[in-house]
Amino acid sequence: MEKFTNRELSWLDFNGRCLSEARDKTIPLMERLKFLSITASNLDEFFMIRVASLKDQVNAGYSKRDIAGMTASEQIDAIQKKAHDFMLAQYSTLNRSLLPALKKEGLKIITAHENLTQEQSDYVDSYFQQEVFPVLTPMAVDSSRPFPLIRNKTLNIAALLADKKKKDTIDFATVQVPSVLPRFVTIPSDEDGCTTILLLEQIIEKNIQKLFMNYKVLCAAPFRVMRNADLDIDEDEAADLLIEIEKQLKKRQWGEAIRLEIEDSMDKRLRKILKKELAVEDEAIYRVSGPLDLTFLMKVYGLEGFERLKDKPFTPQQPKMIDPERGLFEQIRERDILLYHPYESFDPVVNFVRTAAKDPNVLAIKQTLYRVSSNSPIIASLAEAAENGKQVSVLVELKARFDEENNIVWARKLEKSGCHVIYGLVGLKTHSKITLVVRREEDGIRRYVHLGTGNYNDSTAKLYTDMGMFTCKRPYGEDATAVFNMLSGYSEPLGWNKLSLAPNWLRDKFLFFINRERENAVKGRPAKIIAKMNSLCDPGIIEALYDASAAGVEIELIVRGICCLRAEVPGLSENIHVRSIVGTFLEHARIFYFENNGNPQIYMGSADWMPRNLDKRIEILFPVEAEDLKKEIIHILKIQLADTKKAHILGKNNTYEKVDQRGKKPLNSQMYFCEYFTN
């Protein structure tokens with residue numbers, strides 16, 4: 001009996017759930033288009049990191065099997081097969097469903113320049129001459145000019161050229177589609193009231209002969225290469241981590257080719273040249289019937305004039321537990337405060353730091369930053385606080401994947417302002433979300449703490465569902481101080497009051513809670529676990545859940561993405577039920593409920609149940625103890641467990657199915673919370 005699912009194949013299943021949203025005709029058309037774009041972006045990152053990592057293992061001769069019993073080579077084979085099928089489904093969704101539906105609604109996306117009218121053709125040629133031609137750099141390949149370096153994720157057009165002077169001579173050339181220009185252009189429409197757009201690569205391909213005047217262009221077609229983008233950093237040898245990461249970021253553009261995307265109609269001679277020069281195997285060549293790089297659909301989603309085809313935008317509400325007319329510190333002194341984003345505004349978190357920066361009674365601000373927005377108000381407030389003479393310590397995690405460059409910029413800005421900037425601990429990513437404000441008050445020094453499940457990013461806080469808590473209770477404040485002392489120096493506390501940290505204590509804490517529920521079930525006491533997270537793939541945690549299930553513990557798991565656990569399998573996990581919610585917002589909160597013999601305990605934190613989170617990251621788990629806050633969190637969990645519209649259920653056959661709505665009240669948990677926090 002198979003006890004575990006392969007992590008990578010489980011992730012592809014998650015992306016399939018995102019694709020099901022693009023195929024769902026009950027969803028507004030532009031929202032479906034956005035989901036298709038998201039699946040393409042997700043797949044790009046998956047290949048650049050996960051498939052690339054497996055390739056590295058194969059190249060290194062690493063033969064150890066994963067928890068599902070698969071070698072790296074076997075995983076790659078399975079991934080390639082599943083990914084090919086997935087991309088066929090993507091383009092079937094685009095070509096057979098979305099494009100015809102968009103055309104009916106007055107938006108025509110022309111995917112082949114051969115389909116232009118004369119008026120459109122003239123317009124496109126003029127646009128090419130004026131806007132595109134001056135930017136292009138055609139690259140011919142011959143004995144004196146080697147095959148050029150094709151950068152990661154760039155869109156290019158390959159061509160075969162016949163020299164007009166030398167008969168029987170065929171050369172290869174390529175031109176990069178410039179990312180500095182818009183990916184698509186609005187052109188004159190052949191139908192009244194219809195918006196018509198044409199992709200930039202089609203404009204270039206139509207006019208490619210003008211780039212090679214002494215040659216005859218025999219054929220041309222777009223292609224795109226995905227490269228290994230996993231950074232290889234030896235932190236022990238890096239004298240300056242910031243400089244070393246900057247060097248590695250440049251290498252990301254030229255890593256080993258992992259995937260080659262080409263148009264299905266590409267000439268086989270072109271395909272053969274690209275395969276050889278990029279050193280990719282047949283399985284890594286993806287032939288698609290439509291435009292390459294579907295992430296451009298997110299820009300199409302942003303076109304004006306089609307608001308009727310989108311969800312009504314939701315405005316995050318003023319948090320129920322905060323009075324905007326009163327000082328935030330005063331309100332935190334009165335009680336712990338719970339926030340649920342994006343239903344409730346992230347502004348109080350921004351204002352917490354902003355107010356502290358200006359408050360003359362604040363002595364110090366300490367914060368961890370993993371991913372922040374490109375124009376972060378929190379960064380500006382931290383810099384202002386340092387300039388105002390306060391002690392400001394900021395841990396900026398330079399190794400936050402694909403945010404490294406952004407975080408380097410912020411780290412330098414903060415240092416220039418006088419902040420004490422820490423770059424994390426050697427070998428560990430700091431993924432915890434914590435802010436500490438130290439304030440002098442009439443009765444002495446008081447510590448205010450914010451703990452969260454998501455990043456201090458005011459932009460993603462409008463899109464990700466996350467929870468946070470303000471408190472100034474002494475035990476939390478003492479622990480927060482200990483966290484920052486541990487991060488900035490080598491001071492490790494003998495014990496903790498409230499917080500539990502990875503990598504040293506968190507795994508054991510979770511195992512203790514799960515085993516306690518198992519023991520309670522054996523003794524006939526109330527026993528239940530509800531756990532919500534992004535991913536579940538830690539074998540030790542899964543085994544403990546299986547044991548608890550066998551003892552009779554009812555276990556409800558809300559896992560958005562990867563789930564390596566097998567649910568509802570007789571003799572293994574009859575009492576474990578798994579659901580994944582994929583909707584308008586990205587489910588991101590981590591919440592853990594343990595029945596504890598009728599005295600429920602609730603924890604929230606930054607960690608998923610994954611080996612990397614429990615063993616290789618600085619993560620924080622914190623208890624929610626105020627009864628009114630616990631009641632609110634239980635309400636949130638119950639609504640998500642009752643979702644019949646956006647929930648996919650993992651069955652004993654290891655596949656996900658939408659909830660069977662027969663006899664059930666329709667409930668979209670995300671829309672429920674939009675209304676709940678608005679009223």
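This is a predicted model: local features need pLDDT of at least 70, side-chain atom pairs count only at pLDDT 80 or more; totals for chains, interfaces and linings use all residues.
View 1. Residues are numbered from 1 along each chain as its sequence is written, and side-chain values use heavy atoms, with hydrogens and water left out. Q640 belongs to helix 17 (residues 627-641); helices (H or I, at least four residues) and strands (E, at least two) are DSSP runs, numbered from the N terminus. When neighbours within four places in sequence are set aside, the contacts of Q640 are Y340, K532, I558, R579, I581, E587, S669 and F673. Contact means heavy atoms within 4.5 Å.

**View 2. Surroundings of F346.** F346 is located in the loop between strand 10 (337-341) and helix 10. Its relative accessibility is 10%, so F346 counts as buried. Residues up to four places away in sequence aside, F346 touches H341, I378, N455, Y456, N457, D458 and A461. A separation of 10.0 Å is found between the C-alpha atoms of F346 and M467, which are 121 residues apart along the chain.

**View 3. Packing of helix 10 with helix 11.** Helix 10 (residues 347-358) packs with helix 11 (residues 377-387) at an angle of about 15°, and their axes are 8 Å apart. Axes are lines fitted to C-alpha atoms, for helices over the stretch in contact, and angles run from 0 to 180 degrees between N-to-C directions; angles under 35 degrees count as roughly parallel, over 145 as roughly antiparallel, 65 to 115 as roughly perpendicular and the rest as oblique. The contact involves V350, V353, R354, A357 and K358 of helix 10, together with P377, I378, S381, L382, E384 and A385 of helix 11. By class, these contact residues comprise 7 nonpolar, 1 polar and 3 charged. Ala, Val, Leu, Ile, Met, Phe, Trp, Tyr, Cys and Pro count as nonpolar, Asp, Glu, Lys and Arg as charged, and the others, Gly among them, as polar.

**View 4. Packing of helix 2 with helix 3.** The axes of helix 2 (residues 29-59) and helix 3 (residues 72-104) cross at roughly 165° and come within 11 Å. Helix 2 is thus roughly antiparallel to helix 3. The contact of helix 2 with helix 3 has 21 nonpolar, 7 polar and 2 charged residues.

View 5. F147 and F172 form a stacked pair, at 5.4 Å centre to centre and 25° between the planes. F147 lies in the loop between strand 2 (138-141) and strand 3 (155-163) and F172 in strand 4 (residues 170-176), so this pair ties together parts that are 25 residues apart in sequence. Both F147 and F172 are buried. W496 and W505 form an edge-to-face pair, at 5.5 Å centre to centre and 75° between the planes. W496 is buried, with a relative accessible area of 18%, whereas W505, at 26% relative accessibility, counts as partly exposed. One aromatic cluster is formed by F314, Y340, Y343, F585, Y672, F673, Y676 and F677.

Technical notes:
Rings of Phe, Tyr and Trp (its six-membered ring) pair if their centres lie within 6.5 Å; planes under 30 degrees apart count as stacked, over 60 as edge-to-face and the rest as tilted. Buried means under 20% relative accessible area, exposed over 50%, partly exposed in between (1.4 Å probe, protein chains only).
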